[in-house]
Amino acid sequence: PGLMRIKPPTPFAGDAPCPTMHIARGEPGSGEEITIENFDDTQVRAALPMTRVIAAMEPAFRAISSGLAHIPVRQRLPLADAGANMLVMPAAVPGWPFASVKIVSVCPANRARGLKTINGAILAFDAHTGLPRAHIAAEALTALRTGAASGLATRLLARPDADRLALFGCGAQAATQLEAIHCVRPLREVLVFGRDAAVAAAFCTRWSAKLGLPVRPGLRREI
């Protein structure tokens, strides 16, 4: 078998266009050696500004709605602990340079262990040779993609003069939802509705400072 060398995280080096993202694209080494680029959450976030991810969502959703994209039904594999599962999500689009698979584990019992309950990784393969080309941490990329989908939907469907956002929940996904919608609409105010008042208040303080606009906890009568 060939040698598979996983490289430590390095800055993004590729500048070749890709419909969804850019990853380093050096050719495999001589012989049977395979080099896999490794990108952590910090690098993913630094390399992919939200505006770029929103722009990438449009051809991606066109490929899905036209039937061009191959996205099999997500597979679920039970793990050892009760209620724990592994989810496998492959995807490919004919003519695009990469095919990928996202693998996510959901382990509720990890909360008692002091571990994350959701963990995942994305493997990207060269669509022509089938060689593995990159291992990408899934948390940041998933949050970016989910937020960007809302950003694209807002850009296409919301009224042009919409300037108030009601955000339900203030977890990991909330940040990228807010960031994406702020990219496509000039928000005047953001109302945040969360189950934990302290968490919601902290979220509001953080994002009000980041965006320079009023982000405050919403009131029940404002729903």
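Let's begin at I71, a residue that is partly exposed, with a relative accessible area of 49%. You will find I71 in the loop between α2 (50-65) and β3 (75-78). Together with F61 and I64, I71 forms a nonpolar patch on the surface, and the three share about 260 Å² of accessible area.

Before going further, keep in mind that this is a predicted model. Its mean pLDDT is 87, and 85% of the residues reach 70 or more. Residues 10-26 are a stretch to read with care, because pLDDT is the predictor's confidence in each residue, and here pLDDT stays under 50. For this stretch the model has 44 contacts beyond four places in sequence.

Now for the aromatic rings. A search of the whole structure finds two aromatic pairs. One of them is F168 with F193, a stacked pair with 4.9 Å from centre to centre and 15° between the planes. This pair links distant parts of the chain, since F168 sits in strand β8 (residues 164-168) and F193 in strand β9 (residues 189-193), 25 residues apart. Are the two partners buried or exposed? F168 is exposed at a relative accessible area of 58%, whereas F193 is buried at 11%.

F203 and W207 make a tilted pair, because their ring centres are 6.2 Å apart and their planes stand at 35°. Both residues belong to helix α6 (residues 197-211), and they are four residues apart, so about one helical turn separates them. F203 is buried, with a relative accessible area of 1%, and W207 is buried too, at 7%.

Charged side chains come next. The model contains 10 salt bridges. In one of them, E179 meets R45 at 2.3 Å, N to O. E179 counts as buried at 17% relative accessibility, while R45 counts as partly exposed at 31%.

Another salt bridge joins R62 and E58 at 3.0 Å, N to O. Both lie in helix α2, four residues apart, or about one turn of the helix. R62 is exposed at 54% relative accessibility, and E58 is partly exposed at 23%.

D163 and R188 form a further salt bridge, at 3.2 Å, N to O. Here too the pair links distant parts of the chain: D163 is in the loop between α4 (138-157) and β8, and R188 is in the loop between α5 and β9, 25 residues apart. Finally, salt bridges that share partners join E58, R62 and R155 into one network.

Key:
Residues are numbered from 1 along each chain as its sequence is written. This is a predicted model: local features need pLDDT of at least 70, side-chain atom pairs count only at pLDDT 80 or more; totals for chains, interfaces and linings use all residues. Side-chain values use heavy atoms; hydrogens and water are left out. pLDDT is the predictor's confidence in each residue, from 0 to 100. Contact means heavy atoms within 4.5 Å. Patches are made of residues with over 30% relative accessible area and no salt bridge: like charges are joined within 9 Å, nonpolar side chains (Val, Leu, Ile, Met, Phe, Trp, Tyr) within 5 Å. Accessible areas come from the Shrake-Rupley method with a 1.4 Å probe; for residues, only the protein chains shown count as cover. A salt bridge is a side-chain nitrogen of Lys or Arg within 4 Å of a carboxyl oxygen of Asp or Glu. Helices (H or I, at least four residues) and strands (E, at least two) are DSSP runs, numbered from the N terminus. Buried means under 20% relative accessible area, exposed over 50%, partly exposed in between (1.4 Å probe, protein chains only). Rings of Phe, Tyr and Trp (its six-membered ring) pair if their centres lie within 6.5 Å; planes under 30 degrees apart count as stacked, over 60 as edge-to-face and the rest as tilted.
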